[in-house]
Structures are given as structure tokens and as C-alpha cells.
Amino acid sequence: MANFSKRLETNVEGNFFVDSTCIDCDTCRQLAPATFIEEGDYFAVFHQPESAKEEFAAYQALIACPVGSIGTVKKNSTVFSKAQNSFPLPIEEGVFYVGFNSEKSFGANSYFIQHPEGNWLIDSPRYLKQLVQAFEKQGGLQYIFLSHQDDVAEAARYAKAFGATRIIHRADASAMPDAERIIEGKDAVQVKPEFVCLPVPGHTAGSMALLYNNRFLFSGDHLWWDRDLQQLGTPENLVWDDAQLEQSVRKLLHHSFEWVLPGHGERIHLPHRDMKNAVNQLIQRRWNLKHPRV
Ligand code: SF4
């Protein structure tokens with residue numbers, strides 16, 4: 001619950017505010033870009049919602065915030081309730097953004113795939129009755145894909161509730177030692193006909209992306225859309241091994257996808273050809289310009 005006495009001075013006056021417990025995770029900006037912006041090490045309200053649409057999005061951000069840093073001076077209970085019940089949010093073709101980001105994964109996004117042969121959860125949100133019921137309504141969870149060691153959050157509790165198979169890479173398995181399925185090595189592993197686990201070591205030794213239906217790449221902390229550059233981004237600082245990271249990004253050129261759905265940062269949808277160009281541009285910017293090949 002946000003605390004008005006800790007309200008950041010960077011907020012504009014008005015109903016919504018961010019307090020000093022913000023962990024700078026970016027979730028609110030993704031959900032309500034008309035209201036929230038990064039100001040130094042925190043986020044803040046730079047523009048109070050004016051329309052019903054903006055107010056709804058601001059309440060969605062308030063609910064998704066992993067640490068309860070967003071508050072209102074006067075809560076509109078009707079809109080709050082509608083916003084709460086709007087999660088998981090549909091993206092496309094049975095793919096959803098779950099919401100209720102967990103502090104345990106530093107506010108990483110998690111996703112849900114509704115599939116006739118068993119549903120998937122990608123990384124873990126907070127463990128909440130509302131989400132358990134929402135997943136139950138859709139037929140439960142068969143698989144929980146864990147992109148890397150930092151984003152497992154409450155995966156064990158969801159696995160127990162649904163008897164789901166947790167999938168994690170051997171190199172990051174210490175974060176979920178009793179996971180039911182361990183992926184080894186660097187080769188792609190087809191778990192089900194439309195589901196391919198792609199080991200992408202770099203950010204961590206056991207980072208993986210999940211490629212679904214040759215359209216959706218659930219990229220964990222390996223890849224995201226950089227809204228400032230309007231290009232794909234990959235870790236610059238929190239890197240376990242930069243040479244492996246480069247190989248892992250280059251490996252994506254051999255796969256076809258239209259969506260990048262990251263743990264942190266913006267998602268992006270581009271036609272296949274444009275996505276491939278965007279991966280090439282990232283490689284050029286991040287490695288070729290720094291270490292030109294002769
Ligand atoms: S969602 Fe919450 S913790 Fe994350 S940046 Fe916004 S205010 Fe901060």
C-alpha cells in the first residue's frame with residue numbers, strides 16, 4: 001500500500017502518486033505510459049489521468065506494481081475493481097500478460113498461453129487466489145517455463161497447485177532445484193510441437209527464451225524493446241558472459257518470430273522480416289561497431 005507521506009516530489013499534483021518504495025521496475029510505464037515516467041532512480045506521475053481510459057490504465061499499473069508504490073489520494077473503487085478483474089490481459093492468439101508482477105522477480109512480467117493441449121505460464125507472478133482461479137477457469141497450468149534464475153518467484157506454489165511441470169536450464173537450476181524438467185546444453189529443445197526452448201546464455205549461464213508457434217518469443221531478460229532507441233535491446237551491465245550473449249543473440253537470426261515478450265522492458269510486435277532486421281541492427285550496434293571484423 002503506497003504511503004502518501006513518502007510521496008515523491010517528482011510527482012505532479014493530483015490523485016495518483018508514486019512513493020519512495022518504488023524499485024524502478026518499469027511495469028507502470030508499460031501499462032500506463034500517459035501517466036508514469038522514469039525520473040532518476042524512481043518512477044513518478046508526470047501527467048494525471050484525464051480520460052476514463054487513462055484512469056483505468058493507471059489503476060491497472062497500481063495493481064500490477066510489485067511493491068505497492070502507487071497510490072491515490074481518493075480511490076475510485078469501481079474503476080479499481082474493474083481494473084483488478086481485467087488481468088490477465090490478452091495480447092494475441094491466446095497469449096496473455098498476467099499482471100500482478102512479483103517483487104521476488106524484481107517486478108518481471110509473466111505471461112500465460114492458453115493451449116488446447118495444456119496451458120503454459122512463463123515466469124511467475126505473485127501467488128494470488130484471483131490468478132489461481134483465472135488459470136483454473138482456463139483449464140489450469142501444464143507447464144511453467146522459467147526463463148532464468150532471477151524470475152522464478154512463486155513458480156513452486158503454482159506448480160504444486162496445478163501439478164505443472166517446471167522447465168528450467170541446468171545452469172540456473174539452483175533457483176528451482178526440484179524442477180520437473182531440466183534443459184541441458186545450448187541446443188534448442190522442442191518440448192511440444194509448437195513450443196521450443198532456446199538456451200540463450202549471456203545474462204545468466206542458464207538463460208532461456210521460449211519460442212511459441214514461430215510467432216512469440218518469450219525472452220526473459222535476454223531481449224526487449226528499447227523505447228528510447230526504438231530498437232531491440234539486450235543486457236549491457238548485468239552480463240554473465242558477453243561473448244556467450246553475442247552468440248545467443250546471433251542464434252536468434254535462425255528463428256522466425258514476430259513478438260518479443262520480455263521479462264523487463266517493452267514488448268514489441270513486428271513483421272518477421274522487420275524483426276530479423278531489428279536483431280541484425282542490435283548485433284551491429286552492440287558488438288560489430290565495438291569490435292569491427294576485418
Ligand atoms: S510499477 Fe511500481 S515499482 Fe515498478 S516502476 Fe512503477 S511505481 Fe516503481
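Six strands make up an open sheet of mixed pairing, ordered β12-β13-β14-β15-β18-β19. Strands are DSSP runs of E with at least two residues, helices are runs of H or I with at least four residues, and both are numbered from the N terminus. Two strands count as paired if DSSP finds at least two bridges between them. The model is predicted: local features need pLDDT of at least 70, side-chain atom pairs count only at pLDDT 80 or more, and totals for chains, interfaces and linings use all residues. Residues are numbered from 1 along each chain as its sequence is written, and side-chain values use heavy atoms, with hydrogens and water left out.

- Three bridges hold β12 and β13 (residues 195-199) in an antiparallel pair, in which valine 189 lies opposite cysteine 197 of β13.
- These two strands, β12 and β13, form a hairpin with two residues between them.
- β13 continues to β14 through five bridges, again in the antiparallel sense; phenylalanine 195 faces tyrosine 212 of β14 in this pairing.
- β14 and β15 are antiparallel over three bridges, with leucine 211 opposite leucine 217 in β15.
- The hairpin of β14 and β15 has three residues between the strands, and asparagine 213 takes a positive phi near 60° there.
- β18 (residues 259-262) runs antiparallel to β19 and is joined to it by two bridges; tryptophan 259 has histidine 269 of β19 as its bridge partner.

**Burial of β14**

- Five of the five residues of β14 are buried, where buried means under 20% relative accessible area, exposed over 50%, and partly exposed in between (1.4 Å probe, protein chains only).
- Both faces of β14 are covered, with Met208, Leu210 and Tyr212 buried on one side and Ala209 and Leu211 buried on the other.

**Salt bridges**

- The whole structure contains 14 salt bridges, each defined as a side-chain nitrogen of Lys or Arg within 4 Å of a carboxyl oxygen of Asp or Glu.
- Aspartate 26 and arginine 227 form one with an N to O distance of 2.9 Å. Aspartate 26 lies in the loop between β1 (16-18) and α1 (27-31) and arginine 227 in the loop between β16 (224-226) and β17 (231-233), so the pair ties together parts that are 201 residues apart in sequence.
- Aspartate 26 counts as buried at 12% relative accessibility, whereas arginine 227 counts as partly exposed at 22%.
- The closest N and O atoms of glutamate 258 and arginine 215 are 2.7 Å apart. Glutamate 258 lies in the loop between α6 (242-251) and β18, and arginine 215 in the loop between β14 (208-212) and β15 (216-220), 43 residues apart.
- Arginine 7 and glutamate 13 meet at 4.0 Å, N to O; arginine 7 is buried at 18% relative accessibility, while glutamate 13 is exposed at 67%.

**Ligand surroundings**

- The ligand is surrounded by 13 residues, the closest being Cys22, Cys25, Asp26, Cys28 and Cys65; a residue is near if one of its heavy atoms lies within 4 Å.
- The shell around the ligand has ten nonpolar, one polar and two charged residues. Nonpolar covers Ala, Val, Leu, Ile, Met, Phe, Trp, Tyr, Cys and Pro, charged covers Asp, Glu, Lys and Arg, and the others, Gly among them, are polar.
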